[in-house]
Amino acid sequence: MRYLYYTIQTLRRGRSSTFIKLVSLTLGLLVGVLLFAQIAYELSFDRFYEEPETLVTLRMRDVKQGVPEEEYNYGTYQPAAADLWEAMPDLIESASLSSNFWQPTLYLEDKKLESFSVLFADTLYFQTTGLPILQGNPRDLALKGNAFISQSKARELFGDENPIGRELSVEKQFNVTIRGIYADVPRNSIMPHDMVLSQAFMDWGFGKGTWGTNNIYSVLFRLKHPEDVERMNERVQKAVEQYTDTHLGEDVVTEYSVLPLYRVYRSLPDTTRRLVILAVLGFSIFFVSAMNYVLSAVATMSRRAKAVGVHKCNGASGGQILGMCLWETGCLLLVAVACAGLLMAMFSDPLEDLLGSRLADLFTIRTLYVPLGLVAVLFVVTGFLPGRLYARIPVTQVFRRYTDGKRSWKRGLLFVQFVGVAFISGLLLTTVWQYHDLMSRSVGFRSEGLAVGLLSGSLDRTEGVADAIRRESYVEAVAVSGNNLLAHYSTNRLTDNQGNFICPLHFMVIDKDFPQVTGLKLLEGSWPRHRGEALVGKTTVETMKWGDTAIGRQLPIIPGWAGLEEPPVIVGVVDDVRNMGFFMEQTCTSFILGDRLRCFNVRLKAPVDENLKKLNAFTAETYPNLGLEFTTYQEIRRQQNESVSHFRNMVWVTTLCIVLMVLMGLIGYVSDETERRSKEIAIRKVNGAMARDILRLFSADILRVAAPAIVIGLFVSWYVSGQWMQQFADSALLSPGRFVGVGVALLVLIVCIVVLKAWRIAGENPVESIKTE
């Protein structure tokens, strides 16, 4: 109790220092714990499955002239599950076929179900994955009209009622009957789902896939032993070759392998890059928080030295002084933990939006080691480091003024903080600029004011619906296509004259008004006017090396896939459309005049947001059974770049916290320096120094620490920013001049803080400082 009493008295006497320490610890814990919890959460992707080491997924990649592609494709072919199980029964216990390629809209009694993930799977999915079935027989998934629902969604939709036998509408086109309930799938999965529909739906919607066509399926195998993963990889290539030719021409071969499902997410290059940067951010704010605490403790050492001397005169040992410091740190940490928890509870919704994860998922019994470990590390660093310094203060300090000041310690800690704030500021500059660039860069058509909606039900109503929408006063024009422009189109392989695979061609069927309504830019030729005529992107022309002879060529695709009898003929070349966004290289694209159209592209008059509401109200009232709902292409772009937005916001929050902590540490440092050097400043003024000379003295002292620290921090920021930018296919890192500008701005801010804080002592009458001597 004696230690607690001394601790409370010390904290009360040093209120300003206590406040700085508490704010530093709270912000460091809040943001640091969230970031490291997010990392632990993402590293545990798909670990919840029973015996995750034996649950593997099939993957493939092309090897061109002996050089494999960097990334794997985890979408494979429908027959692979049954054929490879048949070829390797000694290794494979069970195999399953699933797909989340299509995410249909579901309705319950005309109410659209929001945030509802769907997985299409066969009857062996639950047996293969080991997900517990709470009610029902998985064999019911053999029929197209049956579905299984997760436990939480069943409770959300039906309350305490039994959902078995209840019906949901799929796209308002057909109904499915709930035949079973299964345990919830955590969100940290590459295949999250709230409902499992029969795989027969995929066959109905996309055709029964074969080897070499429709690689939209995830093939899962449950192996008998963990060591069978390596054995299967040794045999899988030859097993595939029993059923299909893996050679795509003379120079390209498709390579197959398997990987445990829990390792898929972390093996993706973008995931690894992102987690490393999150770790750097978490470490930065955590380290700055700890150093700010230590700086505040060291800065008050000259004022607390006499109290330490008194304790030692009364028999206190160095270990007891250390214990008092640990008590002080422990009490502040407990308060900081409580404050951080309160902030999480108060701002849970914005924090979840910031992270893209639920706090309940981040903090579970399994991940409790993250916050506990961080608190323990923070306690050791902030308790023992200043505690050892205080324990070494000699007993003689009770008789004389403590003048050492630990200037090297304080400058070193301040240097580290300046490095941190420069690093995070440079990273913030990159993320803010990149998100702005992604949202403002041309996508190959005029997306502003253009809304898009997908028709459900019979395609026979397409023309009538388009005419009705076109007659509305707030609509400028309407065109119809097979899909929206910023989606994954139908694909076909482009090959050279020797049959070697070059790249996939993304093609879409359109009507004749589509190019003008959407604002495609014609580079060569003319717009299509007859069925079977096509436009191609300029990248397609460059990839196929057609030169100036693209017009009049036949597009080398399977005509039946576009609903044609003959291969389409190219009549024009247009600017490339970034249908896959800016995370992937520009794809080869083509737009073919034809039928089988279900996607409405509506050019709205201003004001767009108000007219979009009118459009959705009109379609809901006029066509209640079509499930036709419009959104803007700008909103689709925001959704595509949501991960960048989340990361930018995380950097924003981390930057604000670090800047606040560093400024508080700087203010404390300057306050301590002005108090410690008050007599020196008075003597300088007596000898003729002006206020500006005193301010210049302090500014130069700080700049000698800040300038090299900011250079180092910005260099590290420039390097890390370059690593982050690698996820974008054709984006360039900001010029070094922008980083230099950030450094200059930080130096100006630092000098302003120093001048404002030192202004009083610089203008004070020197007699006030030396009259006590």
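Biologist: What is the chain like over residues 321-348, helix or strand?
Modeller: In this predicted model, residues 321-348 are 96% helix and 0% strand, with the end C-alpha atoms 40 Å apart. The UniProt annotation "transmembrane region", from an unreviewed entry, covers this span, and among the others it covers are 20-41, 275-300 and 702-720.

Biologist: And how far apart are the ends of 702-720?
Modeller: The end C-alpha atoms of residues 702-720 lie 27 Å apart, and that span is 100% helix and 0% strand.

Biologist: Switching to strand 19, is it covered or open?
Modeller: Strand 19, residues 533-537, is mostly covered, with five of its five residues buried. Glu533, Leu535 and Gly537 point one way from the strand while Ala534 and Val536 point the other way, and all of them are buried.

Biologist: Which sense does strand 19 pair in with strand 20?
Modeller: Strand 19 pairs with strand 20, residues 569-574, in the parallel sense over five bridges, and Leu535 has Gly572 as its bridge partner there.

Biologist: What about strand 21, parallel or antiparallel to strand 19?
Modeller: Strand 21, residues 588-593, pairs with strand 19 in the antiparallel sense over three bridges, and Val536 stands opposite Ser590 in strand 21.

Biologist: New topic, how many aromatic pairs turn up in the whole structure?
Modeller: A search of the whole structure finds 19 aromatic pairs. One of them is Phe45 with Tyr265, whose ring centres are 3.9 Å apart and whose planes meet at 15°, so the pair is stacked.

Biologist: Where in the chain do Phe45 and Tyr265 sit?
Modeller: Phe45 is in the loop between helix 2 and strand 1, whereas Tyr265 is in helix 8, so the pair links distant parts of the chain, 220 residues apart. Both Phe45 and Tyr265 are buried.

Biologist: Why is the pair of Phe445 and Tyr633 called edge-to-face?
Modeller: The planes of Phe445 and Tyr633 are at 70°, with the ring centres 5.1 Å apart, and because planes over 60 degrees apart count as edge-to-face, the pair gets that label. Phe445 lies in the loop between helix 15 and strand 14, and Tyr633 lies in helix 20, 188 residues apart. Phe445 counts as buried at 6% relative accessibility, and Tyr633 counts as buried at 0%.

Biologist: Last one, which ring does the charged end of Arg59 sit over?
Modeller: The charged end of Arg59 sits over the ring of Tyr72, 3.6 Å from its centre, and the charged end of Arg648 sits over the ring of Tyr435, 4.4 Å from its centre.

Note on methods
Residues are numbered from 1 along each chain as its sequence is written. This is a predicted model: local features need pLDDT of at least 70, side-chain atom pairs count only at pLDDT 80 or more; totals for chains, interfaces and linings use all residues. Side-chain values use heavy atoms; hydrogens and water are left out. UniProt positions are given in the numbering used here, feature names are shortened, and annotations may be inferred rather than shown by experiment. Helices (H or I, at least four residues) and strands (E, at least two) are DSSP runs, numbered from the N terminus. Buried means under 20% relative accessible area, exposed over 50%, partly exposed in between (1.4 Å probe, protein chains only). Two strands pair if DSSP finds at least two bridges between them. Rings of Phe, Tyr and Trp (its six-membered ring) pair if their centres lie within 6.5 Å; planes under 30 degrees apart count as stacked, over 60 as edge-to-face and the rest as tilted. A charge sits over a ring if NZ of Lys or CZ of Arg is within 6 Å of the ring centre and within 35 degrees of the ring normal.
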